[in-house]
Amino acid sequence: MKTINVLMLSALFALSGCGDSDDVASGLDAADSMAPAAISGADLFATHCARCHNPGADGVHPGTQQLALTRGEEQAVILQRDDLQPDYVKQVVRHGIGAMATFRPTEISDPELDALARYVTDGGR
Amino acid sequence: MAQPLPEGISKAQFDEALIKLGEVVGPEWVFADSGGSLDSYKDAFSPVSEAEHRPSAAVAPNSVEEVQAIVRLANEYDLELSPISTGKNYAYGGPAPRKNGAIVLDLKRMNRILEVNEESAYALLEPGVTYIQLYEYLKENNIKLWIDCAAPGWGGVVGNTMDRGAGYTPYGDHVVMQCGMEVVMADGDVIRTGMGAMENSSSWQLFKYGYGPYLDGMFTQSNLGICTKMGVWLMPEPPGYRPFMITVPNEDDLYQLIETLRPLKINMVIPNAAFAVHMVYEAGVQAQKHKYFTGKGPMPPSAMKKMGADLGLGAWNVWGALYGPPPIMDVQWQAIEGAFRQIPGVKFYFEGDRSDTAWTYRSNLMQGIPNMTEFSLMNWDGSDGHASFSPISPVTGRDAVKQFELVREITNRYGFDYVGEFVIGWREIHHIVWMLYHRAKPEEMGRLQTCFKELIDAAAAAGYGEYRTHLAFMDQVKSTYNAFDNGLWKVNDRLKAELDPNGILAPGKSGIWPQK
């Protein structure tokens, strides 16, 4: 059986003296082995941006499609643009634009946003 | 834009409360910088002014204990909290609060996949886990289980279920596939539902009901508690998968199409939610309106006919899939094909027959592969806003035609395209209608709001209630569920008064307001 069970950890916490339900919950939440780790600009792009901004303006990727419609095919793929500045990228991510909604600091933290903006403006390098 | 304060709170009290919240979660996880990070908590696609649903602050805990501490502070300082999970409930409000000035309780940092059990096919999740995150986790760990996602894959498993959302695989009724919750109550106490109420339960994610009253549903679309853990059942990867698309040529075919689908669904011949999608909805993810119609107002039938021919779409387009050993799928398909053959002009498509965008994304969704393609609908006419009108009806041709004609007449009369689909469940239709609009055009926004309100009232007058709605229309939709002198809401109000006497949790959610 393939099972990954953080509850086993919580059981250990419970057995070590925690009696009420709050403390059982405490044990459960102390284990975060499956939480996503801090990631690079490339990983952040893959997680948050690629499904809208990968190449292909046929509608599979709505961000690329929208940029193709509003700015032309040559500026449709965001990683292929050379006119973007990091501060602009960060502004768009936090405040949204057109059909793109906002991303909160709990989704992309400020340090992560710095890395993501660098990655985007460096053409995915 | 001016930053609102929670109702009845002075600036000094508010500032003091923010310091206290910062002591709980760390000051870097309290956001009150109007025009800065706090702006990311707006509904970017709102059908009304953003100023109507603007938070005073946001606070982001990382544990159940921190949620409990925040709730206790809220009672002490008379704060109003608006819990969100991943904050992607767009078309229905996104991360914004129902009540202006509430503090968003952002649970996104609590994004741990606590358990995945492949043998019994379930997962235990925190509220910040997204569909994409869970999907990638299963792939990376070679776990042969599928997720069932909403169309935009960036959404959250727990949040979508709490708002009673739906997906595309046989596990598409998300509340049905939910098993066990952990909930922080308004006084800070924690409960676990179902079998989780036993301290040493071995089956919290296996049996939904436990013993005694079944409470899980009470916490969905409500403001009676904060879900901090949820069990969800996952579908074992089947030995075979066959998506299919069926087109019919005429809008008038809707009656026969729905009559054909009903027995196939009730008898579980089609195991997943079958979709009957109008041409504009299907075309909208891959084509632009101006290529076929440059006039004002809704697209006329003549332009639709040309578009359908170009894109290989029917007036209605049915999607479904079969799952299982090939011999069983063969038999199921014989029944489906035989039934649909009765509709003149019907066409059938399978994997490899077409490679257009509609096929790609719907084929992916029906096997639980998250994507964002449906947002391309906003490129149909360059919209920067959308909200969904979502009434429920019986699965009959009569009701489907009645709904289609009613909604199309109203949306067209207000100058909007009808962008709709019928989602066929086991016994009901979710009629999902995308309202697309341009937020910078005040006249259009005024028409939209009047149109939306008329849709709600007209549907209700015909016996169709919405299953879910945007923040701005919650009170109105509530007013349509008015049987027995609003009896349901009197009970909800009593529950609210008893379980959240200070009214700290999501005031106004689903039209439930605290009595304070």
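**View 1. Contact between domain 1 and domain 2 of chain B in the predicted model.** Here 16 residues of domain 1 of chain B meet 16 residues of domain 2 of chain B. Helix H2 (64–77) and strand E3 (81–84) of chain B each supply at least two residues to the domain 1 side. H2(B) gives the most, with five residues. By type, the domain 1 side divides into eight nonpolar, four polar and four charged residues.

**View 2. Domain layout of chain B.** The domain assignment places domain 1 at 11–109, domain 2 at 113–236 and domain 3 at 241–471. Taken over C-alpha atoms, the centres of domain 1 and domain 2 of chain B are 23 Å apart.

**View 3. Chain B as a whole.** Chain B holds 13 helices and 19 strands. Its radius of gyration is 23 Å, close to the 24 Å that the globule rule gives for 516 residues, so chain B is as compact as a globular protein of that length. The C-alpha trace of chain B spans about 70 × 55 × 45 Å along its principal axes. Of the 516 residues in chain B, 56% are buried. Take the contacts in chain B between residues at least 6 apart in sequence: 72% of them join residues at least 24 apart.

**View 4. Strand E6 of chain B, covered on both faces.** In a regular strand, side chains alternate between the two faces of the sheet. E6(B) runs over residues 122–125. Tyr122(B) and Leu124(B) lie on one side, Ala123(B) and Leu125(B) on the other, and all are buried.

**View 5. Pairing partners of E6(B).** Strand E5 (residues 113–117) of chain B runs antiparallel to E6(B), joined by four bridges. Glu115(B) stands opposite Leu124(B) of E6(B). Four residues lie between the strands in the hairpin of E5(B) and E6(B), where Ala121(B) takes a positive phi near 60°. Strand E10 (residues 225–233) of chain B also pairs with E6(B) in the antiparallel sense, over four bridges. In E10(B), Gly231(B) is the bridge partner of Leu124(B).

**View 6. Contact between chain A and chain B.** In this view, 40 residues of chain A touch 52 residues of chain B. On the chain A side, two or more residues come from each of strand E1 (3–5), helix H2 (21–30), helix H4 (50–53), helix H5 (62–71) and helix H6 (86–95) of chain A. H2(A) gives the most, with seven residues. The chain A side divides into 18 nonpolar, 13 polar and nine charged residues.

Notes. Residues are numbered from 1 along each chain as its sequence is written. Chains are lettered from A and ligands numbered from 1 in the order in which they are written. This is a predicted model: local features need pLDDT of at least 70, side-chain atom pairs count only at pLDDT 80 or more; totals for chains, interfaces and linings use all residues. Domain bounds come from an automatic or database domain assignment. Two residues are in contact if their C-beta atoms, placed from the backbone, lie within 7 Å. Ala, Val, Leu, Ile, Met, Phe, Trp, Tyr, Cys and Pro count as nonpolar, Asp, Glu, Lys and Arg as charged, and the others, Gly among them, as polar. The radius of gyration is taken over C-alpha atoms; the globule rule is 2.2 Å times the number of residues to the power 0.38. A residue is buried if 20 or more other C-beta atoms lie within 10 Å of its own, exposed if 12 or fewer, and partly exposed in between; C-beta atoms are placed from the backbone. Two strands pair if DSSP finds at least two bridges between them.
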